Amino acid sequence: MRVHIDKDTGRWIVTYFQEVHNHKMLDDTLTFMLPGHRRMNSAAIDQMNMMLKVGIKTPQIYASFVQTAGGCENVPFLKRDMYNRIDKQRRIIGGDASACLKLLQRMEVENPGMFVRHLADKDGRLVHLFWCDNCSQLDYEIFGDVLAFDATYRKNKYMCPLVVFSGVNHHNQTIVFAAALVANETEETYKWLLQQFLEGMKGKAPECVITDGHGAMKKAIGSVFPNSYHRLCAWHLLRNATSNISNPVFTSEFKKCMLFDYEVAEFEERWNNVVSELGLQDNPWVCDLYARRHMWATAHIRGNFFGGFRTTSRCEGLHSMLGKFVHSRHNLKDFVEQFFRCISQMRSREAFSDLQSTVGEMVLQSPLRSLERSAASVLTREIFLIFRPMLSRVCTLKVRSCTFTACSDIYSLFRSGDSAREWRISHYRNGSFFKCSCMRMETLGIPCDHIIAVFHHLDITKMPASVVLERWSKDARSRVRAFMEKGPFCWDSMVTCRNWMLNDLCRELCVLASARVDDFVDVTGKLRNEISHLKSKRVSPSGEGADPLLSSTLEDCVRDPQVLRHNKRRKFGVGRQPSSKGIKRCGICRAVGHNRLSCSQRHTHGQRHTAVDSGTQRRAVYEEADYSDYEDSWEECHLWSGHDTSEKHEEESCEEDHYLDVSLSEP
């Protein structure tokens with residue numbers, strides 16, 4: 001065929017037409033590849049998007065369509081069409097930042113109570129983005145007494161640091177309160193983040209905060225949370241001590257001063273001794289560390305509740321888990337979707353832990369069967385397993401004396417084999433309150449073995465309500481459950497259960513309705529009518545679709561953030577000395593030219609460690625095991641209790657951090 005257009009009339013004129021085909025006809029098995037025969041319907045697009053949201057790659061998605069249809073020739077589109085559709089969906093809104101903000105706005109419409117805030121610079125580029133959903137706000141209302149936050153990197157294509165605010169629930173699992181993407185880590189940035197966090201949580205500030213000691217974080221916390229107790233991460237402090245002092249003797253003694261349950265006077269004596277012996281009185285880093293002793297020394301922070309936190313290893317483990325869902329190639333919209341997918345998976349594990357704590361009974365192992373049974377009925381399973389060793393340690397405690405006063409009874413206890421060490425437990429009769437001089441009840445939220453010994457002395461067979469912290473009990477969520485049922489809030493697990501139930505019903509319906517033609521026609525018509533009815537409910541009163549992803553009130557002028565070129569920030573207190581990469585030093589004296597075997601200080605170093613360790617272990621064989629091992633059980637428990645046993649591999653990248661964290665307080 002030959003055609004041309006007439007310029008005068010504007011008509012197309014056929015000047016030549018060949019009626020006989022001059023090329024070979026295409027085989028019927030290849031016609032599905034022609035552009036005119038390829039088309040992705042709405043059902044295929046929705047199924048593809050659903051698979052993309054759960055992290056399935058495009059080639060695997062296409063393979064799933066081929067397997068379902070019984071061959072490539074039965075699929076009405078190609079893999080290339082899927083890539084084109086994905087690219088078109090990403091460009092349908094405009095910029096990446098605008099798409100992300102509109103996605104969050106749609107989530108605000110679907111989940112009333114969700115809190116989203118963003119900040120743009122003078123050029124309209126997105127600088128900071130903060131969000132927390134309604135479930136996170138409810139979690140913070142119950143478990144917001146302890147807050148930990150840290151930054152992680154290389155989780156999106158703009159290399160923006162991700163700041164995650166986390167805590168611990170009644171199953172000793174890590175939970176997320178809020179998250180933010182920031183352009184930098186200055187004091188102004190952290191102030192803005194904490195202010196948005198405070199606003200999103202209805203003005204409730206945490207009682208205690210734990211960070212890695214970054215200077216900008218410290219100043220921002222002091223400004224926004226002036227009444228919150230700030231604790232520094234023990235692992236980062238030990239690493240900084242190794243980097244700045246490079247003396248194994250100081251690191252060993254510093255670890256004991258930081259983690260052992262010394263009295264304040266004993267702590268001051270040991271600190272002064274090690275500083276004077278090593279000649280570090282004028283060292284600026286040591287002086288600054290001592291000035292901040294109220295932020296890291298157990299002797300000074302004892303009595304403040306930290307929920308078992310001593311390090312930011314929970315944050316590191318959370319970052320490792322996020323790495324399974326997000327990576328540096330994700331844009332902002334995909335990043336937010338995958339982030340909520342990760343959070344949803346974490347929350348589903350809490351429901352499984354609730355089931356384990358409710359169904360069945362624990363096997364009693366201690367001699368105090370009544371108290372053990374009472375504790376097992378009140379505490380969650382994970383917390384009870386941490387508490388149970390206290391019941392066995394009661395056998396080594398004895399009541400020395402009892403003093404009766406007008407308002408309380410004071411019991412003096414000592415441990416067999418160490419009569420010099422004494423603990424005082426006050427029993428306030430008016431409210432059955434118990435308070436021990438070791439203050440572990442206030443620090444960990446679980447009664448210590450000294451209080452349990454007084455229970456045994458007084459023949460108390462049931463755990464008093466005053467020694468059961470509500471946040472560790474099975475009914476921890478009872479305060480907000482009634483509000484959740486009456487208000488617009490709902491847990492993710494409820495939505496997931498509804499989805500599962502509908503899927504199961506639809507599968508059964510498909511099997512039954514496809515058996516006969518009349519049933520198929522009847523059910524198909526009913527389903528289409530029901531789908532139209534449900535869609536009409538999601539239309540605004542004006543008659544236009546209420547999908548905020550396409551009709552957003554957010555400003556469309558928000559531009560994408562700039563790609564950060566620098567690497568992650570330098571940790572606080574690390575890297576002050578010149579780099580000595582490639583230089584081998586002695587492990588004892590840190591000098592160059594020999595190793596530990598040929599060092600002249602090898603014998604004196606061994607003798608010193610033997611004397612120090614033996615002197616410490618003789619006096620601390622019980623009390624250090626009481627507190628340090630007890631607190632280590634929290635660290636050991638949270639390594640895997642926050643995650644399913646089959647997911648232990650998610651923590652491999654933080655294995656070294658966790659190992660050091662667990663062994664911090666071993667004498």
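The bridge partner of I5 in strand β2 is W12. Strands β1 (residues 2-5) and β2 (residues 12-16) pair in the antiparallel sense over 4 bridges, where two strands pair if DSSP finds at least two bridges between them. Helices (H or I, at least four residues) and strands (E, at least two) are DSSP runs, numbered from the N terminus. This is a predicted model, in which local features need pLDDT of at least 70 and side-chain atom pairs count only at pLDDT 80 or more, while totals for chains, interfaces and linings use all residues. Residues are numbered from 1 along each chain as its sequence is written, and side-chain values use heavy atoms, with hydrogens and water left out.

**The β1-β2 hairpin**
- The hairpin of β1 and β2 has 6 residues between the strands.
- In this hairpin, G10 takes a positive phi near 75 degrees.

**The sheet β10 to β13**
- An open sheet is formed by 4 strands in the order β10-β11-β12-β13, with antiparallel pairing.
- Its edge strands are β10 (397-404) and β13 (433-436), each of which pairs on one side only.
- On average, neighbouring strands of this sheet are turned by 25 degrees against each other, direction ignored; axes are lines fitted to C-alpha atoms, for helices over the stretch in contact, and angles run from 0 to 180 degrees between N-to-C directions.
- Strand β12 (residues 418-428) pairs with β13 in the antiparallel sense over 4 bridges.
- The bridge partner of Y428 in β13 is F433.
- Helix α18 packs on the sheet and touches β10, β11 (408-415), β12 and β13, contact meaning heavy atoms within 4.5 Å.
- The direction of α18 makes about 115 degrees with that of β11.

**Helix α16**
- Helix α16 (residues 381-393) has a kink of about 25 degrees at F387, shortly before the proline P389; the bend at a residue is the angle between axes fitted to the seven residues ending there and the seven starting there.
- Buried residues in α16 are E382, I383, F384, I386, F387, R388, M390 and L391. Buried means under 20% relative accessible area, exposed over 50%, and partly exposed in between (1.4 Å probe, protein chains only).

- Most residues other than glycine have a negative phi.
- S246 is not a glycine, yet has a positive phi of about 55 degrees.
- S246 lies in the loop between α8 (234-244) and α9 (248-259), and is partly exposed, with a relative accessible area of 23%.
- D459, also not a glycine, has a positive phi of about 60 degrees.
- The loop between α18 (449-457) and α19 (478-486) holds D459, which counts as exposed at 64% relative accessibility.
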